[in-house]
Amino acid sequence: MTSDGAAPYHGGMNRRRQMAASTLLLSGVLLGCEDAGKKPVQAHVPALSPTTAAQQNLPELPALPLTNPSARPMVSLLPRVPSGKDYLIQKVQEKFASGEQNFKAGHLEAARKDFDDAVDWMLESGYDPESDPRLSELFHRVVDTVYAYELQAFRAGDGFSEAPAVPAAIDEVAEMTFPVDPRLKERAEEAAKNSSHDLPLTVNDEVLSFLNFFQTPRGRAIVETGLRRAGRYREMISRVLREEGVPQDLIYLAQAESAFQPLALSRAGARGIWQFVAYRGQEYGLRHTWWIDERQDPEKATRAAAQHLRDLYKLFGDWYLAMAAYNCGPGNVQKGIERTGYADFWELYKRKVLPRETKNYVPIILALTLIAKDAEHYNVQVEPEAPIPTDVVKTGRAIDLRLVAETIDVDVETLRALNPSLLRMATPDDPSFELHLPQGTSEKFSAEIADIPPDKWVSWRRHRVEAGETLTSLAKKYRVTAAAIADANNLQRNVALDAGEKLIIPATQAQSETKRRLVSYRVRRGDTLLGIADRFSVDSDDVRKWNHLKSNKVGRGMVLRIYTLGGAPEASPARARAKPKKKTTSPSARATAAGTMTANHN
């Protein structure tokens, strides 16, 4: 055989040998697997010594590439996790959409919960809504729309516009000091001895200093305003004080508190003729809701004040201490007594254990009492306002004051003056609420209001036609259709209107009245969180939430964010800190201050 012929032969032989070896190996493996099920097998692998391993010349591999450009990118099967702000926007929009769906379906409670959750997501997220254009736009859109829906649900006219309050002047006067005019002492002592009174009348330098102030033009204006307005309420207050068994002269406490202004509001949030703070009013049964504040109801507040003063007198056994406790709270007076061992107001005054405002509070009341009992001597001449008799009706459900006014042909301000406890332009949906009307108008009201369905009392209006007005012009004025007005009054669509004719207007509320605004409020000396919340008619919990506060403590100079419908309320006058020589006031400021004197903490 030649070498050329041997190569194929040996190649074939080699292939046959490999196949045979593979067959034997496979058979051995199968047999081994069968035996392994019967008997455990142990393999002994000799370990390589470090020297042997080190002596092997292993090839060095090149660096592996970090990426493979030719390979397809990996696709995650998990959903994409949005960023914090994107996730927040997503959740707020989900809650908001759910709320809209529930509202349109008539599920108002579920809608309110969804809307509250949407707002809470924004407020509790830790993000400042004003720091990002998307968050700001979403936040204001949600808030505005939510309250628009809420207004539509309550159908409450412009009920979110709270009646304006009268600034409190005692915030300014009560911390001032005034010089003593010795010429006033003799006459004051004579009046205290000879005039009829059922409260002790002390004449000392502290009382004389305020007696002197009330002789100034500014102080005289306060006195005259109070005595003039006292005529409207004197008969009622006297009756209630008598029924509650307390001295009649306590009426002068109300004069010092508010000058008999039911809408008086102090910087600390005390309201009404008797200046109750919210928690004390609730303690004596004065309700405070979105719609009403019974601290501003003259008779209900008078009865609550009489009961509170009676309780304080029982606690301290002294009317001066009772009045001091009415101003600063019984706890402060009790602490002063415990610190000094004296249960006497003038001793506490001298030892400076009472707040400065409270120290001056009792002398102010005594000075006003002396002037009222001897007005001619002090050249105070006023014509007291006459009491205003009213008719009282129970509407049984909410009604817009404008509809009431248009029904009985009076102006809205007259109704608001007769019902100072109403905070909004509508009555509450409370069958027990008593609405005061001008005397002699209740029968007309009952007869004419029957023409309007009760469920429309908070949205529909009445209009007395003037010369030249048409259904079309009225429709444009009230933003309704001419056909709707015609249908509500059973008129032909093209009928001519007669001047003096009174029409029912099926009006709806303009959306512009539903806007909630952001107000920045700088905390002033003496402010409390509860007082600030009450001033803006919002909940104190919301104020804490909006400003990320952990407690009710606020410090002077802090700027608080408050979201309020209608914007900021009337500003209370700044607390004056001038000395007596600088007590100059412009005529306009004097006119403002003349209205009220109110305490802060009763």
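**Close-up views of a predicted model**

View 1. Histidine 548 sits in the loop that links helix 23 (540–546) to strand 8 (559–565). Its backbone is worth a look too: phi of histidine 548 is near 55 degrees, a positive value in a residue other than glycine.

**View 2. Glutamine 275, a buried loop residue.** Here we turn to the loop between strand 2 (264–265) and helix 11 (278–283), where glutamine 275 has its place. Glutamine 275 is not a glycine, and yet its phi is positive, at about 50 degrees. The relative accessible area of glutamine 275 is 0%, so this residue is buried.

View 3. Serine 196 belongs to the loop that runs between helix 7 (183–194) and helix 8 (205–213). Its relative accessibility of 66% means that serine 196 counts as exposed. Follow the chain from serine 196 to lysine 373 and you cover 177 residues in sequence, while from C-alpha to C-alpha the two are 8.2 Å apart in space.

**View 4. The crossing of helix 17 and helix 19.** The axes of helix 17 (residues 401–408) and helix 19 (residues 442–449) come within 9 Å of each other and cross at roughly 110 degrees. Helix 17 is therefore roughly perpendicular to helix 19, because that label covers angles from 65 to 115 degrees. On the helix 17 side, the residues that meet helix 19 are Leu403, Val404, Thr407 and Ile408. Helix 19 brings Lys444, Phe445, Glu448 and Ile449 to this meeting. By residue class, the contact is made up of five nonpolar, one polar and two charged residues.

**View 5. The second largest pocket and its lining.** Helix 9 (217–244), helix 12 (298–316) and helix 18 (412–418) are the elements that give two or more residues to the lining. Helix 9 supplies the largest share, with six residues.

Note on methods. Residues numbered from 1 in each chain as written. Predicted model: local features only at pLDDT ≥ 70, side-chain atom pairs only at ≥ 80, totals over all residues. Heavy atoms only, no water. Axes fitted to C-alpha atoms, helices over the stretch in contact; angles between N-to-C directions. Helix = DSSP H or I, 4+ residues; strand = E, 2+ residues; numbered from the N terminus. Parallel < 35°, antiparallel > 145°, perpendicular 65-115°, else oblique. Contact = heavy atoms within 4.5 Å. Nonpolar A, V, L, I, M, F, W, Y, C, P; charged D, E, K, R; others polar. Buried < 20%, exposed > 50% of the residue type's maximum accessible area, 1.4 Å probe, protein only.
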